[in-house]
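Subject: Structure handover

Hello,

Here is the structure I said I would pass on. My notes on what was found in it follow below.

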Amino acid sequence: MEQDVESPVTIRQPKLPKQAREDLPKQLVDKERAKNKIQRYVRKDGKCNVHHGNVRETYRYLTDLFTTLVDLKWGLNLFIFILVYTVTWLFFGFMWWLIAYIRGDLEHIGDSQWTPCVNNLNGFVSAFLFSIETETTIGYGYRVITDQCPEGILLLLVQSVLGSIVNAFMVGCMFVKISQPKKRAETLVFSTSAVISMRDGRLCLMFRVGDLRNSHIVEASIRAKLIKSKQTKEGEFIPLNQTDMNVGYDTGDDRLFLVSPLIICHEINQHSPFWEISKAHLAKEELEIVVILEGMVEATGMTCQARSSYVTSEIKWGYRFMPVLTLEDGFYEVDYNSFHDVFETNTPTCSARELAEMTARARLPLTWSVASKLNQQAPLDMEKEWPEKGGHVGEDQTERNGDIGNLESESKV
């Protein structure tokens with residue numbers, strides 16, 4: 001009986017172009033990086049990476065119209081600025097032309113016996129120019145309102161009042177937008193990375209801040225928050241939970257005299273969210289540290305806020321910042337070329353909790369350790385002797401105590 005023999009079939013892979021074959025490893029690496037990339041809550045430039053969607057109550061933006069206009073981008077803000085003035089000029093220009101048309105001034109152009117509402121107004125263009133002159137109080141003197149037109153006088157009052165309101169609103173909006181201290185925050189710099197190392201015998205997380213301008217920030221203060229999702233004991237999941245990190249609030253170290261770059265220190269103690277995080281554990285964590293620097297601009301007195309953040313990959317364990325301040329002839333010089341530089345230093349890789357426990361054990365006296373060991377061993381010995389002596393441990397203990405009492409009395413004699 002013949003058996004069917006299956007011949008091996010080779011499936012040819014489609015031959016990729018040379019460019020695709022070369023880019024394939026790169027694409028895999030990019031996908032792996034994108035997979036491991038942590039989504040920032042606050043970007044390095046301080047802008048919050050949060051977008052508001054499905055906002056149904058859009059009317060709330062109109063209730064605070066001034067702030068809405070200030071928050072708009074410059075291009076849209078300038079467009080609205082020009083549009084508002086142009087619309088008001090065209091509207092009142094049309095009203096001046098309508099008065100002249102109803103009164104019949106346009107039919108008596110050049111008639112010296114006719115007293116028009118506005119002299120030398122002969123069409124819509126001249127009415128539009130007269131509207132601009134009235135609202136901007138230019139007053140060239142060629143077109144002027146007469147006293148024989150009560151409706152024109154009333155329109156002049158309305159345009160003057162409404163023009164002043166438009167000027168106050170739009171000029172005030174532009175002034176506030178120009179004087180906003182957002183650009184002042186561009187000269188407040190944060191180090192590109194945070195470091196964890198030992199300081200005064202304690203494990204600390206540190207980052208550096210600096211001010212590039214000679215005009216200082218008044219009443220500067222620093223805050224730090226840990227952004228990390230958590231799950232409560234009841235099973236509730238809280239995304240992007242915010243936890244305060246103490247950077248000197250108790251001691252006043254969070255109040256900064258920011259004349260030269262300063263290193264902000266967060267001591268990792270039992271109240272710190274990094275208390276039980278080791279170097280190996282940190283690499284697996286998905287967290288973000290948001291730092292906020294606030295103060296008043298010395299030149300304008302307006303409050304300024306600068307922000308930045310550090311994700312897990314930007315927290316370097318076992319490093320320290322390079323010094324940037326040197327003493328020159330009669331002054332101190334700051335070298336901003338080394339502002340972001342760090343160098344490696346000896347740092348324990350264990351968590352702060354484990355480090356505290358090892359330090360506490362190392363400080364225990366030897367006598368206390370021996371006594372504690374004996375106290376722990378005594379009950380065990382008694383348990384071993386109990387079944388062997390059939391419950392006579394108490395009597396044996398009494399006999400031992402009596403022997404010890406006899407020895408003490410003999411030694412006194």
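Phe169 has its place in helix H6 (residues 150-178); helices (H or I, at least four residues) and strands (E, at least two) are DSSP runs, numbered from the N terminus. Phe169 is partly exposed because its relative accessible area is 31%; buried means under 20%, exposed over 50%, and partly exposed in between (1.4 Å probe, protein chains only).

Before the rest, two notes on the source. This is a predicted model, in which local features need pLDDT of at least 70 and side-chain atom pairs count only at pLDDT 80 or more, while totals for chains, interfaces and linings use all residues. Residues are numbered from 1 along each chain as its sequence is written, and side-chain values use heavy atoms, with hydrogens and water left out.

Surface patches

Phe169 forms a nonpolar patch on the surface with Leu62, Leu65 and Phe66, with about 350 Å² of accessible area together. Accessible areas come from the Shrake-Rupley method with a 1.4 Å probe, and for residues only the protein chains shown count as cover. Patches are made of residues with over 30% relative accessible area and no salt bridge; like charges are joined within 9 Å, nonpolar side chains (Val, Leu, Ile, Met, Phe, Trp, Tyr) within 5 Å.

A patch of negative charge on the surface gathers Glu328, Asp329, Glu333, Asp335 and Asp341. Lys and Arg count as positive and Asp and Glu as negative, with His and the chain ends not counted; the place of a charge is NZ of Lys, CZ of Arg, CG of Asp or CD of Glu. Asp341 lies in the loop between strand E13 (332-334) and strand E14 (342-344).

Annotated spans

UniProt, in an unreviewed entry, lists residues 78-102 and 152-176 as "transmembrane region". Its positions are given in the numbering used here, feature names are shortened, and annotations may be inferred rather than shown by experiment. Residues 78-102 are 100% helix and 0% strand, with end C-alpha atoms 36 Å apart. For residues 152-176 the end C-alpha atoms lie 35 Å apart, and the span is also 100% helix and 0% strand.

Salt bridges

The count is 13 salt bridges, each a side-chain nitrogen of Lys or Arg within 4 Å of a carboxyl oxygen of Asp or Glu. Glu314 and Arg40 form one, at 2.2 Å from N to O. The two are 274 residues apart in the chain, and both are buried. Lys44 joins Arg40 and Glu314 in a network of salt bridges.

Regards
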